[in-house]
Amino acid sequence: MTQEKEITRVQELTYELKVVDVMTADIIAVTPQTSMKELREILRTNRISGTPVVEGNRLVGIVSIEDLIKCLADGEMDVSVQEKMTKKVETFYADEPLVRAVSKFDRYGFGRFPVIERDQGKLVGILTKGDIIEGLLKKLESDFTEEEVRRFRRYRVSQILKDIIADKSALIFQYNVVGQDFSRAGESASALRKTLLYLGLHPQIVRRVAIAAYEAEMNIVIFTKGGQISAYVEPEQIKIEAHDTGPGIPDVERAMQPGFSTAPEWVQELGFGAGMGLPNIKKCVDEMDLISQVGKGTDLKITINIKGRGN
Amino acid sequence: MIKLQKIVKELSLEIKCAAHNLDRQVSGGYASDLLSDVMANSKKDNIWITLQIHQNIVGVASLKDLAGIIIVNGRQPEEEALKKAAEENIPIMLTKLPTFEIVGRLYKLGIPGMGDAEEV
């Protein structure tokens, strides 16, 4: 089962990765005028079995250890590379997906392919089977590490809540909301949502919390000079408290009516303040308590049950 | 279900950001310019049609896990909105058409609305 999945992932990676991602960009190349004797030294000192032949930036051939052996046997070590190199070179384009390269390796049986840029034909790298394997392994490893980190994070925090032995326990997150700043409006709700998802809470629950927190945050941004949003994550429920220090709601009952709004026109033009915030909150929570005093401020307390409704 | 990619192609939308995230399946559509309304009524993986261009649309789309935003009437989103959308990986697409027309075309492509969408 697992193995099947991994094979699929490797195949997937060969589509995701491009030749340029795994090739060796540090190229050792020779010129057509290089002698076979010099080539022998280059291959030996770099421990490679062949090199591309370039003139300026342009690829004109490829020469391998086999060509060298032939010259040795024939005693032709003084001739230049251009007489012995393969001139019709099979190449890859840098932006080709790796899967095409893999099939070409199979088809031709060569050990290496020069990699060229599609537009200019400039030589930019060289690709061997070893490069492909190394590239795939590196990518798999980084995927694996990311997944591990995610899993570890999720496991750890969701387990903490379960493992705590106490008559009452809660994780508390507090967010400061800046009033009148629309450029940052929604950030607290967004941060809370991400945090709860990390905690491993059910996405349906998280969605409801996010909507309620968003609307509460928007109210603080639109109408006040600022405040706080606090979330208490308990084993059975999530409580959210939105607190601000004014101006307060004169008629709470009216404020709860869908469509009733006291938001200024410019705010409404932005698509806010449609008189739906508080009704929206009410729709997605299990308990809601709104206490407001004109001139003092507003406290909104809501509860969303983790088990039960709408789950 | 239909992919964002196909919608962009069929309706010649101009894609402004998160162009690599077009592989997403679209569960349905929702059209509204009131953010609270979208918060309340849009569904996960919906495509959202609006004329709002400020960055808070990205917040809403992110919180509701929407598939993408289509901005109508040839309006250009604000710089900050694009920046945030790129961060949150939410595709923003533009059309010169007004809401009524683009919604009609989306519907014709087979994108369902609330009434005919499966509960997500």
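Me: At what angle do α9(A) and helix α12 (residues 277–284) of chain A pack, and how far apart are their axes?

Reply: Axes are lines fitted to C-alpha atoms, for helices over the stretch in contact, and angles run from 0 to 180 degrees between N-to-C directions. In this predicted model, α9(A) and α12(A) pack at an angle of about 155 degrees, with their axes 9 Å apart. Angles under 35 degrees count as roughly parallel, over 145 as roughly antiparallel, 65 to 115 as roughly perpendicular and the rest as oblique. The angle therefore makes α9(A) roughly antiparallel to α12(A).

Me: On what conventions do these names and values rest?

Reply: Residues are numbered from 1 along each chain as its sequence is written, while chains are lettered from A and ligands numbered from 1 in the order in which they are written. As the model is predicted, local features need pLDDT of at least 70 and side-chain atom pairs count only at pLDDT 80 or more, whereas totals for chains, interfaces and linings use all residues. Helices (H or I, at least four residues) and strands (E, at least two) are DSSP runs, numbered from the N terminus.

Me: Which residues of α9(A) and α12(A) make the contact?

Reply: Two residues are in contact if their C-beta atoms, placed from the backbone, lie within 7 Å. From α9(A) the contact includes A:Arg208, A:Ala212 and A:Glu215, and from α12(A) it includes A:Gly277, A:Ile281 and A:Cys284. For classes, Ala, Val, Leu, Ile, Met, Phe, Trp, Tyr, Cys and Pro count as nonpolar, Asp, Glu, Lys and Arg as charged, and the others, Gly among them, as polar. The contact of α9(A) with α12(A) has 6 nonpolar, 3 polar and 2 charged residues.

Me: Which residues touch the most other members of the largest nonpolar core?

Reply: A nonpolar core is a set of buried Ala, Val, Leu, Ile, Met, Phe, Trp, Tyr and Cys residues joined through C-beta atoms within 7 Å. A residue is buried if 20 or more other C-beta atoms lie within 10 Å of its own, exposed if 12 or fewer, and partly exposed in between. The largest core has 69 residues, of which A:Val209, A:Ala212, A:Ala213, A:Ile240 and B:Ile69 touch the most other members. Helix α9 (residues 203–223) of chain A gives the largest share of this core, 13 residues. Leaving aside residues up to four places away in sequence, A:Ala212 touches A:Ile240, A:Ile281, A:Cys284, A:Val285 and A:Ile302.

Me: Why does A:Gln237 count as partly exposed?

Reply: A:Gln237 counts as partly exposed because it has 17 C-beta neighbours inside 10 Å. This residue lies in strand β8 (residues 237–244) of chain A. A:Gln237 and A:Asn305 are 68 residues apart in sequence, but 4.3 Å apart in space, C-alpha to C-alpha.

Me: How many residues of chain B are in contact with chain A?

Reply: In chain B, 15 residues are in contact with 19 residues of chain A. On this side of chain B, α2 (35–41) and α3 (56–63) are the elements that give two or more residues, and α2(B) supplies the largest share, 5 residues. By class, the side divides into 5 nonpolar, 7 polar and 3 charged residues.

Me: How many helices and strands does chain B have?

Reply: Chain B has 5 helices and 7 strands. Of its 120 residues, 44% count as buried. Within chain B, α3(B) and helix α4 (residues 79–88) pack at an angle of about 20 degrees, with their axes 8 Å apart, which makes α3(B) roughly parallel to α4(B).
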